[in-house]
Amino acid sequence: GWANSLCQALGFPFLPLGTPPQPHFADPAATRQAFGIYLGNAANATQQAIDLLPSVGAPPVDDGQRILDHMRTRLTELRGNLNNMAAQLKAANADDAGAIAQAFGAIGNLVGLFGTLTNDPQLRAAIDQTPECHLSSG
């Protein structure tokens, strides 16, 4: 159904990202570099997902088009957020644990992405029951 198409279309750009890098607080410079690369790749994947949304089409529920528009908005916000985090991380000192923690938080939002795309109960149920919608199988 629609949830399957959605999660395949959105999952396709995100699958190559793999699981987020783990923070190594003993080596903040390496952590910062790994997170920066991951955030940049995630922002690109988010743009690909935005480009794929029209091919998925609106869900077969009342308000379907509005829901699709809302998803596009959420993805656009996420892309901006990821780009901002990548830029902040680049600008931060290598040993700035706060910046690394914030970046880790932004990456956490990405993992829970499908869960936040819609709050429509029917669609949430469909998404929850669709294996393709669970990114973190990593």
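Guide: What follows concerns a predicted model, taken by helix pairs and then by individual residues.

Visitor: At what angle do α1 and α2 pack, and how far apart are their axes?

Guide: Helix α1, residues 2-14, packs against α2 at an angle of about 150°, and the two axes are 7 Å apart. Angles over 145 degrees count as roughly antiparallel, so α1 is roughly antiparallel to α2.

Visitor: Left-handed or right-handed, that crossing of α1 and α2?

Guide: The crossing of α1 past α2 is right-handed.

Visitor: Which residues in α1 and α2 meet there?

Guide: From α1, the residues are Trp2, Ser5, Leu6, Ala9, Leu10, Pro13 and Phe14. In α2 they meet Ala42, Ala45, Thr46, Gln48, Ala49, Leu52, Leu53 and Val56. Sorted by class, the contact of α1 with α2 has 12 nonpolar residues, three polar ones and no charged ones.

Visitor: And α2 with α3, what is the angle there?

Guide: Helix α2 spans residues 28-56 and helix α3 spans residues 64-91; they pack at about 160°, with their axes 9 Å apart. That angle is why α2 and α3 count as roughly antiparallel to each other. Their crossing is left-handed. The residues of the contact of α2 with α3 comprise 16 nonpolar, six polar and four charged.

Visitor: Changing topic: where is Asp63 placed?

Guide: Asp63 lies in the loop between α2 and α3. Asp63 has a positive phi of about 70°, although it is not a glycine.

Visitor: One more residue, Thr130. Where is Thr130 found?

Guide: Thr130 is found in the segment after α6, the helix of residues 121-128.

Visitor: Does Thr130 count as buried or exposed?

Guide: Thr130 counts as buried, because its relative accessibility is 9% and the cut-off for buried is under 20%.

Visitor: What lies 2.6 Å from the polar side-chain atom of Thr130?

Guide: That is the backbone oxygen of Ala126, which lies 2.6 Å from a polar atom of the Thr130 side chain.

Visitor: Which residues is Thr130 in contact with, leaving aside neighbours within four places in sequence?

Guide: With those neighbours set aside, Thr130 is in contact with Ala3 and Asn4.

How values were computed
Residues numbered from 1 in each chain as written. Predicted model: local features only at pLDDT ≥ 70, side-chain atom pairs only at ≥ 80, totals over all residues. Heavy atoms only, no water. Helix = DSSP H or I, 4+ residues; strand = E, 2+ residues; numbered from the N terminus. Buried < 20%, exposed > 50% of the residue type's maximum accessible area, 1.4 Å probe, protein only. Polar contact = N/O pair within 3.5 Å; in protein donor to acceptor, adjacent residues only side chain to side chain. Contact = heavy atoms within 4.5 Å. Axes fitted to C-alpha atoms, helices over the stretch in contact; angles between N-to-C directions. Parallel < 35°, antiparallel > 145°, perpendicular 65-115°, else oblique. Left-handed = near helix turned anticlockwise from the far one by under 90°. Nonpolar A, V, L, I, M, F, W, Y, C, P; charged D, E, K, R; others polar.
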